[in-house]
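Have the sequence and the structure open while you read. Let's go through them one question at a time.

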Amino acid sequence: SQVSPNSRGRAKSRGDAVAAVSLVVVAPESWYLALLGFAEHFRTSSPPKIRLCVHCLQAVFQFKPPQRVEARTHLQVGSVLYHHTKNSELARNHLEKAWLISQQIPQFEDVKFEAASLLSELYCQQNLVDSAKPLLRKAIQISQQTPYWHCRLLFQLAQLHTLEKDLVSACDLLGVGAEYARVVGSEYTRALFLLSKGMLLLMERKLQEVHPLLTLCGQIVENWQGNPIQKESLRVFFLVLQVTHYLDAGQVKSVKPCLKQLQQCIQTISTLHDDEILPTNPADLFHWLPKEHMCVLVYLVTVMHSMQAGYLEKAQKYTDKALMQLEKLKMLDCSPILSSFQVILLEHIIMCRLVTGHKATALQEISQVCQLCQQSPRLFSNHAAQLHTLLGLYCISVNCMDNAEAQFTTALRLTTHQELWTFIVTNLASVYIREGNRHQELYSLLERINPDHNFPVSSHCLRAAAFYIRGLLSFFQGRYNEAKRFLRETLKMSNAEDLNRLTACSLVLLGHIFYVLGNHRESNNMVVPAMQLASKIPDMSVQLWSSALLKDLNKACGNTIDAHEAAQMHQNFSQQLLQDHIAACSLPEHNLITWTDGPPPVQFQAQNGPTTSLASLL
């Protein structure tokens, strides 16, 4: 919407503008500069007077200016309209004229290519991608003698292909950009192109191509001698890719050295002052992310690591820091990447809440993710599957198994991401196991996530979880020796990579098996460390389970005092979970468990009270 200034002020300002123009009409450069000065004054006023700014710029056309002035003014009007109003049609009209006229003028690169770049952005905003792509291709073709614009337009077209999920075309363009940067002597921008390509290859899971590319990137980054902030930002980019690669592979312990380097690197950047000296090579005039954004990103990957490792209090601490910084940044910066960071942080902390027995808070944060996704169709498209997965996990936590199944089924329909698909299937299998009467569906799922044969992803963590699910099923079916084999495999894998939560779950289930078999000493050897680990995480469900087993074990062994202490612990955990259960199910947001189609609902109706049971937990 356009800004409407005070009518009296508008009349006075227009009068001033007319007077100024009449005085200098005999000198074209003077009247042009005068109108530009007025336009900039109105644009930078507080609040901005965009309508008056546009009036001043449009007045330039009344003087039949030369082509160079005409093209530049069309670009300026189009830019102001695009960035400050919703009048996209008029903005598009001016930008198209700027692009058309500037192509006829020799050595007018800045106007020509800025018009092309801005116009393609506007086309994408209007869902005219088929107009944006040929425009960018033509601009790339004619910009080869202008290194800065050639690189920038290549990045822009690669980003457009990425948003369309055409990662092959995007990777090809980034490869072209890397070779062009090498030819024009910009190792810095070559590294940016290659790291961007590496990021897309990781998204495509082309690991055989990723490893040599990242090795090359590491060498370029270390050998490049230039602006310290640029060098450190390249190192952050490189290390973020390495850390996320390890985390995708579920290698929580192996990633620690890289994560430590990344955290040290961001501390170094925070102490460096921005160097005002511009690079001598115009192809070097790029940066990956602002320092403040990089800081949030490092918090984010630290949260991801803490969540996988089962350091949930640490995950909470870094999430709080990151969200606080995000709120400050969003007051000054409306960059879409900040909302993406916020959603990913919330997704991880929601899983933490469900483990630590804070379901009501988790549900409110799921609602917060819904609200963020309502504001951005692209954000919702990218996170819809994760949102339904979180709702499925919440449904399990409040024992709404039918709703959990519906949420996971919806999530499976919406995702093409192999790791997420495997995570969803693993949790859906646990739902079928608990329901006890879904044998055909269960076996069909388990065939697709068989950890002994053709497991669908390379994730160490997910494969360990698949062994646990097999052990859980064997336990429920009374096949205890088979269950022990699967659970020992889970323990071996989880201990190798410090997957604390899987370790705790496997120990307590093994303890339960030994208890059923009458081997109380061995059961105690499993349950005690399970309880210690669960308390450290802290995992409320495993603590509840462990305390129940300790109570029965001590009672069977005649340890009356220990049995009473364990019973008291069990009662405390039960009460905490019950109160949280009632609070969560009483929230109006609890109705989200029935949402399985379309965009997130805007409003929620209040519940009369909880309609689910804690029987399975107690």
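Q: Is Met331 buried or exposed?
A: Burial is judged by relative accessible area with a 1.4 Å probe on protein chains only: under 20% is buried, over 50% is exposed, and in between is partly exposed. Met331 comes out at 67% relative accessibility, so Met331 counts as exposed.

Before going on, a word on the ground rules: this is a predicted model, where local features need pLDDT of at least 70, side-chain atom pairs count only at pLDDT 80 or more, and totals for chains, interfaces and linings use all residues. Residues are numbered from 1 along each chain as its sequence is written, and side-chain values use heavy atoms, with hydrogens and water left out.

Q: Which helix holds Met331?
A: Helices here are DSSP runs (H or I, at least four residues), numbered from the N terminus. The run covering residues 312-332 includes Met331, and that is helix 15.

Q: How far apart are the C-alpha atoms of Met331 and Tyr246?
A: Along the chain, Met331 and Tyr246 are 85 residues apart.

Q: What is the distance between the C-alpha atoms of Asp597 and Thr410?
A: Asp597 sits in the segment after helix 27 and is exposed, with a relative accessible area of 62%. Asp597 and Thr410 are 187 residues apart along the chain, yet their C-alpha atoms are separated by 7.8 Å.

Q: Is Arg353 buried or exposed?
A: Look for Arg353 in helix 16, residues 336-356. Contact means heavy atoms within 4.5 Å, and, not counting residues up to four places away in sequence, Arg353 touches Gln316, His358, Lys359, Thr361, Ala362 and Glu365. Its relative accessible area is 16%, so Arg353 is buried.

Q: How far apart are the end C-alpha atoms of helix 25?
A: The expected span of a helix is 1.5 Å times one less than its number of residues. Helix 25 (residues 520-536) has 17 residues, so it should span 24 Å. The model agrees, with the end C-alpha atoms apart by 24 Å.

Q: Which helices do the buried residues of helix 25 pack against?
A: The buried residues in helix 25 are Ser523, Met526, Val527, Ala530, Met531, Leu533 and Ala534. An α-helix has 3.6 residues a turn, so residues three or four places apart point the same way. The partners of the buried residues of helix 25 are helix 24 (500-516), helix 26 (540-556) and helix 27 (560-586).

Q: Which residue does a cis peptide bond join to Ile537?
A: Find the loop between helix 25 and helix 26. The cis bond there has an omega of about -10 degrees, and the partner of Ile537 is Pro538.

Q: Where is Pro47 found?
A: The peptide bond from Ser46 to Pro47 is cis, with omega near 0 degrees. Pro47 lies in the loop between helix 2 (28-43) and helix 3 (50-59).

Q: What is the phi of Asn454?
A: Asn454 is in the loop between helix 21 (439-448) and helix 22 (460-476). Asn454 is exposed, with a relative accessible area of 63%. It is not a glycine, but its phi is positive, near 55 degrees.

Q: How many disulfides does the structure hold?
A: A disulfide is a pair of cysteine sulfur atoms within 2.5 Å. The sulfur of Cys56 is too far for a bond because the closest cysteine sulfur, in Cys53, is 7.1 Å away. Cys585 is also too far for a bond, since its closest cysteine sulfur, in Cys400, is at 5.9 Å. The total for the structure is zero.

Methods:
Helix = DSSP H or I, 4+ residues; strand = E, 2+ residues; numbered from the N terminus.
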